[in-house]
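Thanks for coming, everyone. Let me put the sequence and the model on the screen, and then we walk through it together.

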Amino acid sequence: MSSLFPDFLDRLATHATRIPDASALGTVGKRALTYRELVDTIGRVAHNLRVAGLRPGDRMLFSIRPSVSSVGLIFGTIAAGGTIVFVDPGVGPELFAKRIALVEPRWAATESLLYAVSGPLAGFGRKRGLTLPRFSELEVRHLHSGVWLPGTPMRSLPLRRVFGDAPDSSLPQGDPEAEALIVFTSGTTDEPKAVVHTRASLSAGLAAMGGQTSLAPGAFLHTEQLMMGLPALMSGARWAMPKYPRFGTHIDPVRFTRDLRSATHAFYTPADLAVALDALEAGRVVPPQYLRQVALGGAPVTAALLGRAQKSLPDTEFLAVYGMTEILPVAVATGADKLAHDGDLLGTPVRGVRARIADDGELVLSGPNLCRGYLGSAPLTEIATGDLARFDGTRLVLTGRKKDMMIRGKTNIYPGLYEPAIAGVDGVREAVLVGLPDEIGDERIVLAIVAEPGAGDVVDRLRAVLPQLIDTSALPDDIVVVDRIPVTGRTSKPDRNALREMVRAVLH
């Protein structure tokens, strides 16, 4: 383990000794496990999994929504030497099968409801737009959460047994270089790309994230996101999870915000924060009284969103987290600093992260929180981000995105360079530039915006101010007002492909 960052399970064990009775992990409205109880639970799960046959290096497909028990199972599996593989059953049977073939799992932890709706109740799932792989047919050792339902393999191990009594609840010594977590990057269709984090790289990322926040003993974080909840536990804070709807996989941002009654910290994706701000601005939600800090991540954080957030929650500090699946976090900027900067400020690289700018302007990163690499490929020593950036002193500033580049004549146009400035125009809530290619490879540039309610004729306003605001070469050919910007993936990033089809339909 790097001397820069402690092992995350070792840190939990330390808290169990120093603050044994402090609240650690729970669900909103329910009693939380103390740190002593949490570490004891992890030890029992690790022991019972080993007794059940899990061996170091075994990979476990994980399809259980975030909860106290799912976090305990994640910790216990890693403590026992296993690897957690996060899989999204909604990607479709074909891609799911390719991912399974790449990972070669020996275990699968699945909600019993998924067995049912992918088997005997498949028609129920299809009516809700779900085409799921048949989990029961996976040739693995099955472990299910929830009550037994039709379709659950008869020999599947109930999760409650894994959490049962054990003669030994001590945490086994871990190998820092062992696989701990595998996550598939979003958007892969033909060749799945699986990011492999070791126990060391995962611990470094969690510690670095916690170090950028004010999380500490006595703080109270509200989120379902593991990469924020786990740093909270490493910091000695309390982590409360929201309740999922019975059949849903997404937390309602309005209900989430209503539940922030005693929380001091929270995490939102920008898309969810926008929904929450709508409710706050309309008076449908009372501003949380104790909320000191909110982290934002998973998609670009615009000045327009931060301006709205600071107006609705003036006593709350906002943090914009920049990172990627392969290395998280990279940099963190406060909302105040982002609003005061002329460009798209990312912030100073976090402790341990080394950043350099390649000859073509691409940001290249390395550090102790860099993943080992992609499953089946050579180890990585650094990662090219696909983002274009520059240094402003010690701080990184995003200037564009290589893969989102548009071409107009002989000019390469990077939308990320201009979108933050456009989103700052009065009356604009969100702004995304996309290109509609023609038959010769040139592109018609379309600006899609979501307008603020009651903003008036935003299109005329944009046509008047954009020539003074952005480069002439990047001026859009068309400006289209849309009700929403489509998003994709776990992190709700703008889905530019879907947006292209949306604006193409509007223009034609």
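This is a predicted model: local features need pLDDT of at least 70, side-chain atom pairs count only at pLDDT 80 or more; totals for chains, interfaces and linings use all residues.

Which residues of α1 and α3 meet? Before the reply, a word on the model. Residues are numbered from 1 along each chain as its sequence is written, and side-chain values use heavy atoms, with hydrogens and water left out.

Now the reply. From α1 come F8, L9 and L12, and they meet F75, I78 and A79 of α3. Contact here means heavy atoms within 4.5 Å. Helices are DSSP runs of H or I with at least four residues, strands are runs of E with at least two, and both are numbered from the N terminus.

How do these helices sit? Helix α1 covers residues 8-18 and helix α3 covers residues 68-79. Their axes are 11 Å apart, and the packing angle is about 115°. That makes α1 roughly perpendicular to α3; the class spans 65 to 115 degrees, with under 35 roughly parallel, over 145 roughly antiparallel and the rest oblique. Axes are lines fitted to C-alpha atoms, for helices over the stretch in contact, and angles run from 0 to 180 degrees between N-to-C directions. The crossing of α1 past α3 is left-handed, meaning the near helix is turned anticlockwise from the far one by less than a right angle; clockwise would be right-handed.

Next, strands. Look at β1, residues 23-27, and β11, residues 238-241. They run parallel and share 3 bridges. Two strands pair if DSSP finds at least two bridges between them. G26 has A240 in β11 as its bridge partner. On to β10, residues 220-222, which also pairs with β11 in the parallel sense, over 3 bridges. There F220 stands opposite R238. From β10 the chain goes through helix α9, residues 226-234, to β11, in a right-handed β-α-β crossover. Right-handed means that, with the strands pointing away from the viewer, the path from the first strand over the helix to the second runs clockwise.

What is the strand order in the open sheet of 8 strands? The order is β7-β6-β5-β3-β4-β8-β9-β19, with mixed pairing. At the edges are β7 (157-158) and β19 (373-374), each pairing on one side only. β7 pairs with β6, residues 141-145, in the parallel sense over 2 bridges. Within that pair, L143 has L157 as its bridge partner.

Another open sheet has 3 strands, ordered β24-β25-β26, again with mixed pairing. β24 (428-437) and β26 (478-481) are at its edges with a single partner strand each, so one side of each has no neighbour in the sheet. From one strand to the next, the twist averages 25°. β25 and β26 are parallel, with 4 bridges. L447 stands opposite I479 in β26. Helix α16, residues 496-507, lies across β24, β25 and β26, and runs at about 85° to β24.

Stay with β25, residues 443-451, and find V446. Is V446 buried or exposed? It counts as buried, because its relative accessibility is 0%. Buried means under 20% relative accessible area, exposed means over 50%, and partly exposed is in between, using a 1.4 Å probe and protein chains only. Beyond its neighbours within four places in sequence, V446 contacts V432, L433, V434, L436, D478, V480, V503 and L507. V434 is 12 residues away along the chain, yet the two C-alpha atoms are separated by 5.5 Å.

R308 is buried at 9% relative accessible area. Leaving out residues up to four places away in sequence, R308 touches A274, L277, D278, E281, R429 and E452.

Last stop, β21, residues 395-401. Of its 7 residues, 6 are buried, so β21 is largely enclosed by the rest of the structure. Strand β16, residues 344-347, runs antiparallel to β21 and is joined by 3 bridges. D344 stands opposite L398 there. Strand β20, residues 383-392, is also antiparallel to β21, with 6 bridges. D392 stands opposite R395. The hairpin of β20 and β21 has 2 residues between the strands, and G393 there takes a positive phi near 70°.
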